[in-house]
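Please keep the structure in view while going through them.

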Amino acid sequence: MAKFDVDGDLVRKLASLLEETGLGEIEFEIENCRIRVARPGATVSAVAPVPAGPAAVADPVAAPTPKDGSEPGSVTSPMVGTIYLSPAPDEPPFARLGDAVAAGQTLMLVEAMKTFNEIKATKAGTLKELLVESGQPVEYGEVLAIIG
Amino acid sequence: MIDVALPADCRIVALDSIASTNDEAKTLAAAGAAPWTVVWGREQTKGRGRQGHDWASPVGNLYMSIILRPAGPATRIMQLGFATGLAVADGIAACAPALPAVALKWPNDVLLEGRKLSGILLESASEAGGSLAWLVVGIGVNVASHPDRPGLVATSLHAAGAAVEVETLLYAIVARQATWLDRWQREGFAPVRQAWLSRAANLGSDVVVRTPSGELRGRFVDLDGDGAMLLDTVEGRRVINSGDVFPAAA
């Protein structure tokens, strides 16, 4: 599979279109490359492997979430940082979508400046929505998951 | 000799061997242990750094984890990583006054002449409302030995010629941690930031930062009001919250 350079401007443009239109995702295809930009909860995929590079910094998955945390069972980020869904890269995630979770159970970590903060389930229930991915930057108050 | 005043409620749990002092401290914290409970292991059998990285932990080095419960939201808890770096730097300076001053590498490594001497791992938990439940400050200092493997530039106090005792260093660092925490609680991040910048490694230099979403190159120009790295890149100034910093190749 041929490598291609991700066009950061294109991704940014698609991400802002996504916001503007309120769509869930946009797929763009040109020649042999296809880029899909989706809102939190979905994944960003490309036909060819996405090389790590500055283009990836404008993480389109980080587009503002329409959820404001008022939904019952919302779990929000207490700080600006980066999400880790598992304790280590080669270990299983703390919790998966659809899992039954107990109140106070660790769902994920948010890290800033190497301080790792455990995000706990606010109540017992089912992990109904998981709105972030490992490596994703999050803002203060951003909704990370919803327990139903 | 050093003469230190530990916090009045300091309690030291000394263990000959423990899997990980941070894990033990987190268990104690979750079970309600009081602030200034310090878990000290003479060795760790499963010592770890961030995200599952191993931290070699033979007998002879310092491995400790301090439980803290500063009041307030978790929002600014990362600022205490910088306060901890200062406490480690001050503690080492008190125990080994003949050594050159250590440098602090963003966000929280301690270097002696460019070599890693100490690592810090902060782990915390927040309540549903966003307030901080507990903070565990994990500190490892290479006293008698340091790991020697390709790609890792490390040193120890003994290797640098300072015959420091682990226990003495423990007391010195805990005492300074109390001083810096108190200062942070009374005066905020400003004095911590200022002191940290005066000891910063790579400040004003070109660096490569590996972030979770890619690699950035630029000049490390300052810290923002929360401790994020301000990096001047060809595309403008970036605010870095997460990443590993490397000096840029000349």
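1. K105(B) lies over the face of F246(B), 6.0 Å from the ring centre. The charged end of R210(B) also sits over the ring of F246(B), at 4.2 Å from its centre. As throughout this note, these values come from a predicted model.

2. Next come the contacts between rings. A pair of aromatic rings is described by the distance of the centres and the angle of the planes. Over all chains, the count comes to three aromatic pairs. In one of them, F82(B) and F189(B), the ring centres are 5.7 Å apart and the planes stand at 70°, so the pair is edge-to-face, because planes over 60 degrees apart are classed in this way.

3. Where in chain B do these two residues lie? F82(B) belongs to helix 2 (residues 79–95), and F189(B) to the loop between helix 3 (166–187) and helix 4 (190–198), so the pair ties together parts that are 107 residues apart in sequence. Both F82(B) and F189(B) are buried.

4. F82(B) also forms an edge-to-face pair with W196(B), with 5.3 Å from centre to centre and 80° between the planes. This pair links distant parts of the chain, as F82(B) is in helix 2 of chain B and W196(B) in helix 4 of chain B, 114 residues apart.

5. Is W196(B) buried or exposed? W196(B) is buried, with a relative accessible area of 1%. For F82(B), which is buried, the relative accessible area is 1%.

6. Taken together, F82(B), F189(B) and W196(B) form one aromatic cluster.

Key: Residues numbered from 1 in each chain as written. Chains lettered and ligands numbered in written order. Predicted model: local features only at pLDDT ≥ 70, side-chain atom pairs only at ≥ 80, totals over all residues. Heavy atoms only, no water. Phe/Tyr/Trp six-rings, centres within 6.5 Å; stacked < 30°, edge-to-face > 60°. Helix = DSSP H or I, 4+ residues; strand = E, 2+ residues; numbered from the N terminus. Buried < 20%, exposed > 50% of the residue type's maximum accessible area, 1.4 Å probe, protein only. Lys NZ or Arg CZ within 6 Å of the ring centre and 35° of its normal.
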